[in-house]
Structures are given as structure tokens and as C-alpha cells.
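Subject: Structure for you to look over

Hello,

Here is the structure I promised to send. Please open it alongside these notes.

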Amino acid sequence: MLEIKKLNKGFKNKKVLTNFNYQFDKSVYGLLAPNGAGKTTLLRCITQIYPEGRKSVFYNGEQLGKIKEINKRIGYLPQQFGLFKELSVFDAMSLLANFKGIGKKESRAEIIDCIGIVNLSDSLSKKVGALSGGMLRRVGIAAALLGDPEVLLLDEPTAGLDPEERVRFKNIISAIKSNKIIVLSTHIVEDVEALCDSIIIMKDGEIVLSGTCDTIRETAGGKVYLVPGDELPSNADDYRVLGQTTVNGKAFTRILSKKTKEDYSALPTVEDGYICAMENF
Amino acid sequence: MRNGKLLVLIIERTFLLLKNIGLLFFVPIIVVDVLIPVLNYISYSVHGISDELYYRISELTQIFIPFFSVWWVIFILKEFVDSDGCELLYTNQKTPAKSSIFMAFGIYCLNIIALYFIYSCLFKNFLMELIKILMVCVFFFGLSLFFSKMTDSTSITILILVMYTLINLIDYKHEGIFPLYFTGEKASLTMLFINSIPLAAIGLAFLLAGIFLRKKQ
């Protein structure tokens, strides 16, 4: 179990995380928030890049700062990954394994396994600098898997990936998720909905809502409507536009509203629940 | 047993970090082991073993050796301060660059010692020159680590080192005026105590500051 207790983190005069508390068990968590809400800061605290994490984050009841070989227990994929571009994929992975205290001989089999999980076995001898963005991201995931960590933290793992790579990423997570705590930080609701057992919605460094996908959807229950274009509420403050759609050739607007005709009620999605939580609707 | 394993890890790490430099790895080797000896040989052909040859060797070594003493160090540090995703290398309170940059600097110094050993066969005073040049290299080492961490940019660090070297070349007197090190005079105990050793001490101070300075986040 990974537990965060009263985590506070700020930069100069700006508070980013305020009294953050949460417990993670073996499951896949989606950390959903807009840019600047504190997702990356939270992950950096857990990985002790920021020292605030040493005393406020606990793993199986013990403070992170006191656990030896913690670097083998937590795998981390940063938002940008582009290290060691002059090395081959194999050598780069060897170096990253070395940083986790795993020597060259011991890491060989593990590197081949991890690279196999991300379907890059054919690229072991290629230079890291020659890889595409999606392939580089996969190398980053493979590196995070070195040492078979119990906790995996992935910061914006699908940012900049094309649809095919995103599907590939989802398959990778599905393949590795058993018996691990996996935290995905993202602002892409679709990825969270497809992969995560639990969702944590953050705003201004605090949790505004957390729960399963159903819990998040239910937040917008009874508030989502599919309204013909000419029947939108007169007061623009009474609703939020979620999107446009066409049904049988007629244009409809999907809205979030507290008071509209029951006839137009629609089933909410996770994204609707997210917007509901963010806007305090 | 544990220390042995740690040493093996450090050696493997240093090897891969130096390999990551690519072709630029060979630049200090070419300069120190090819260019300088070739230029020295040309001077020897013209002047023979004389004071003129001594000064030519001394000038060349002062120009090139200190700057290239931190070449590998800076390119190793580049991954830790400049590259995309370098925060990954600082997880869990790690500072993994330390041992590798010391090892890389040490390997270069061994190369210099070998070169100066050959010079000392021609001119006994080159043992004094060796101590002087190693002190200057320590100063460069400290500067490079401090400014890399301070500026989060190896490009700016290289610029600072180049400017310091150029200032030395443009404005040298017969005795190196502290904190400049370049001089046309033969190395002496007085010079070591007035110039080289204080320079090395400042270098060590910069080094310590660079080690303890946290990477900007």
C-alpha cells in the first residue's frame, strides 16, 4: 500500500499541493486534472525528486525516505523521456538498470523481458536517438519496469502519441497491471476510462472527487441532456456545452445543466462527471 | 564483497556514460595524445632541447590541457542537467553522476601524468609543471560542476570555461596573476603557493558547492 499523508508542496510563493492525502492499493489509478493542477508535482514527491515526499509518503507503513532499495520498488516514467540518445536501446536500458543497482550480467535477461513487453525486441541495437516518439515512450515504460517494481508512476504516458501507439500503450498496461500499484497522470479522459479502476480528479493541488468510473459518471447523473439546437436554455449561465452531435440528420447539443426537460436526458460519461466535478456543477 | 559490487557498478556506469558521448569522446584523446605531441615534435625539430622548447611545451599544455580536462565531465553532466527526462536520474534521493564524473576526470589526469612523465625525461622541472597543471585542472573541474548545476546548462558552462581560458591567453603577465593561471614563466614552488594551490582550493570549494547544490526543479 502506498499512502500519502498531509503532503504539502509549493514553489516560491505558490502552493501546488495542499494537505494532500490518499491511499493507493494494488490497482490502476488515473490522476485526472488540467495542466498546472499538481499531477506531475505529486508524482515527483512520491519519487522523492522533491524532498517533501520523504516524510509524507509511506510504503507498507514505512516512510519512503527510510526504505533501502526503494529505487527498485518504484518505477517512474517522466513526462518527457529522451535520455542517452547516443547509446543503443540495450545499452541505455543497461545504464538505467545500473542506476537501480542492477549490474550488467544480472540485467541482461530482464532488459530483454521488459523490451519484449513493450514490443521493441527488434530495436535493441538501434540508437535511442533514432527512435520515433512513440517508440521512445515505450523504451521509457520498459525502463520503468526494470527491477519489477511494485509501484509504477507514469506521467502523461500517451501525450503526443498517435492513436495506434495509444492502443499499444493500453495493451501494455493491461498486460502488466496484475499485482502492482499503477498511477497514470493524464488530462486525457478517454485513456483513464479505458484503463483505470479508480480515478482521482484534482484541482489546484487538492482532490475534488475520487472513485470508480461509475462513481465519476454518477456525479453528472441527471445533469446531462441532448438538446435540439433551438431549445437551449435562454440563460447561458445555466448550462455548459459538452459537444455537438447529429441524430437522424438533426443537430443536437450535449449540455450539462441543472434544469432542463426530462425528455432530453442522456447517460453521462466519465468526461461529463469530470467537468461536473471541476466546475462544481 | 558489497564494495566490490559497488565498484563494478560504478565502472560499468562510467563506461556507458562515456560511450554515450559518441565521437566527441575522442576529442581530448586526440588533443592530448596526438595534437600536442605532434606540435611539440615540430618545436623540437626547430629548437632542439632548449629553453625555447620548454616554453613552447608549457604554453601549449596550459592552453589545452585544463579545458579538455573537463570535456568528458561536462558531456556526462549534460545528461543529468540538460536532457529530456533527466529528473528520472534524481529519483529516490540519488545523485548518480558523482562517482562517474570523478572517475572520468581521474582517467584524464592519468593520461596527463603519463604525458608529463615523458616531458620530465627532457626537462626535470616538468614535475613542477605537472603539479601546477593538475591544480588548474582541479579548478576547472570545480567550475564545471558548479556552473552546470547552477545554470542547468552545459552550454553556458562551456562558454564560461572558454571565456576564462581566453581571458588567460589575452591578459597574461610573466607571473600568472591570481585567479588567472597562464604564465610564460617556469613553474616554481613560489608560483605553486601563490597561484596554483589557492586556485585548486577554490576549485575544491566550487566542487563541494556543486555536489551539494540541488538541481533546479
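Domain bounds here come from an automatic or database domain assignment. On that basis, chain A splits into domain 1 (2-211) and domain 2 (219-279). Please keep in mind that this is a predicted model.

**Domains of chain A**

The C-alpha centres of domain 1 and domain 2 of chain A are 35 Å apart. Domain 1 of chain A puts eight residues into the contact, and domain 2 of chain A puts in six residues. On the domain 1 side, three elements of chain A give two or more residues: α8 (189-195), β9 (198-203) and β10 (206-211). Of these, α8(A) gives the most, with three residues. By class, that side of domain 1 of chain A has six nonpolar and two charged residues, and no polar ones.

**Chain A overall**

Chain A holds 10 helices and 13 strands. Its C-alpha trace spans about 70 × 45 × 35 Å along the principal axes. Of its 281 residues, 43% count as buried. Take the contacts in chain A between residues at least 6 apart in sequence: 67% of them join residues at least 24 apart.

**A sheet and the helix across it**

One open sheet in chain A has four strands, in the order β2-β1-β4-β5, with antiparallel pairing. Its edge strands are β2 (14-24) and β5 (62-63) of chain A, each pairing on one side only. Strand β4 (residues 57-59) of chain A runs antiparallel to β5(A), and two bridges join them. There, Y59(A) sits opposite E62(A) of β5(A).

Helix α1(A) lies across β1 (2-11), β2 and β4 of chain A. It runs at about 60° to β2(A). How many residues of helix α1 (residues 39-46) of chain A are buried? Eight of eight, leaving the helix mostly covered. They are K39(A), T40(A), T41(A), L42(A), L43(A), R44(A), C45(A) and I46(A). Charged side chains are on that list, so check K39(A) and R44(A) when you go through it. After α1(A) comes Q48(A), with a positive phi near 65°.

**Helix α10 of chain A**

Helix α10 (residues 270-279) of chain A is largely enclosed by the rest of the structure, because seven of its 10 residues are buried. Those seven are V270(A), D272(A), G273(A), Y274(A), I275(A), C276(A) and A277(A). Just after α10(A), N280(A) has a positive phi of about 60°.

**Chain A against chain B**

Between the chains, 25 residues of chain A are in contact with 24 residues of chain B. On the chain B side, the largest share comes from helix α1 (residues 2-19) of chain B, with six residues. By class, the chain B side divides into nine nonpolar, eight polar and seven charged residues.

**A helix pair in chain B**

Two packed helices are described by the angle between their axes and the distance between the axes. In chain B, the axes of helix α4 (residues 71-81) and helix α7 (residues 154-170) come within 9 Å. They cross at roughly 145°. From α4(B), the residues I74(B), L77(B), K78(B) and V81(B) take part. They meet T154(B), T157(B) and I158(B) of α7(B). By class, this contact has four nonpolar, two polar and one charged residues.

Best wishes

Terms used. Residues are numbered from 1 along each chain as its sequence is written. Chains are lettered from A and ligands numbered from 1 in the order in which they are written. This is a predicted model: local features need pLDDT of at least 70, side-chain atom pairs count only at pLDDT 80 or more; totals for chains, interfaces and linings use all residues. A residue is buried if 20 or more other C-beta atoms lie within 10 Å of its own, exposed if 12 or fewer, and partly exposed in between; C-beta atoms are placed from the backbone. Two residues are in contact if their C-beta atoms, placed from the backbone, lie within 7 Å. Axes are lines fitted to C-alpha atoms, for helices over the stretch in contact, and angles run from 0 to 180 degrees between N-to-C directions. Two strands pair if DSSP finds at least two bridges between them.
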